[in-house]
Amino acid sequence: MTPLRIDILTTFPEVFSADPPAFLGASIPARARRAGLVEWRAFNLRDHTRDKHQKTDDRPFGGGPGMVMTCQPVWEAVHAVEAIDPRPATRILLTPQGRPLRQGLVEELAIKPRLLLIAGHYEGIDERVVERLKPQEVSIGDYVLSGGEAAALVLMDAVIRLLPGALGHEGSASEDSFSMLPGESIRLLDCPHYTKPREWMGMAVPGVLLSGDHGEIARWRLDQRRARTRERRPDLLNP
Ligand code: 6GU
């Protein structure tokens, strides 16, 4: 299989460096990269500016605090980077105004051949370039980050771990929190997990897990997932 290709447009390309290992140089994304399941490259928006100061932002029309990223570097970077590879890229703009990133969207993105992530900064990007590029706008939650880079890292981690072969154990992803279990129509939280020792600080592991009865264990785990979801995330029960 040809690797998933992820290009990132950012004014902070060093955030995505795999060596020296930063966030994506560790753990599953790094393994997936070494195994040839994914490749990513970050491009500096500054390299696509046309002025001598390499400005990527300016003051907002209408006044107000903060800066707005200008259209031209984003527009040119998107086209220059897309031209590197003939495969069409799914364009994604990371922004708090976007569609909330949930596991269903992560699953959709994990089957694409190519993603182009645009990490906005400051107060955002001039709306006209968004209108022309028509990216999917994606948010990672209802809080404000100082830039889209951390959101892009989150999206990449979530997508990469779903690529076939990325996890040591192939069942692991399909039993995670938010994964759709066979025969279920909603996404549940995960159940609690236990390992050795059997007793720790006077606390025993639930007996059913030691029973060797796999049917009984599966039922217990599903009950736990349902109970936890009801208690902690009732919103997930009415999607
Ligand atoms: Cl994608 N970007 C920024 N700047 N803040 C966010 C976000 C994205 N998602 C949640 N907060």
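**Notes on the predicted model**

1. Arg187 sits in the loop between α5 and β8 (199–200); helices (H or I, at least four residues) and strands (E, at least two) are DSSP runs, numbered from the N terminus.

2. Some housekeeping: this is a predicted model, in which local features need pLDDT of at least 70 and side-chain atom pairs count only at pLDDT 80 or more, while totals for chains, interfaces and linings use all residues. Residues are numbered from 1 along each chain as its sequence is written, and side-chain values use heavy atoms, with hydrogens and water left out.

3. Now to the sheet, which is open and has five strands in the order β2-β1-β6-β5-β7, with parallel pairing; two strands pair if DSSP finds at least two bridges between them. β2 and β7 (136–139) are at the edges with a single partner strand each, so one side of each has no neighbour in the sheet. Within the sheet, β5 and β6 pair in the parallel sense over five bridges, and Ile92 has Leu117 in β6 as its bridge partner.

4. Helix α2 (residues 71–82) packs on this sheet, touching β1, β2, β5 and β6. Contact here means heavy atoms within 4.5 Å. The buried residues of α2 are Cys71, Pro73, Val74, Ala77, Val78, Val81 and Glu82, where buried means under 20% relative accessible area (1.4 Å probe, protein chains only). Their cover includes β1, β2, β4 (68–69), β5, β6 and α4 (127–133).

5. Finally, the largest nonpolar core has 29 residues, and those with the most contacts inside it are Ile6, Trp40, Leu115, Leu117, Leu155 and Met156. Such a core is a set of buried Ala, Val, Leu, Ile, Met, Phe, Trp, Tyr and Cys residues joined through side-chain atoms within 4.5 Å. The helix α5 gives the most to this core, with eight residues. Leaving aside neighbours within four places in sequence, Trp40 is in contact with residues including Ile6, Ile8, Phe16, Met156 and Ile160.

Definitions and conventions
Buried < 20%, exposed > 50% of the residue type's maximum accessible area, 1.4 Å probe, protein only. Axes fitted to C-alpha atoms, helices over the stretch in contact; angles between N-to-C directions.
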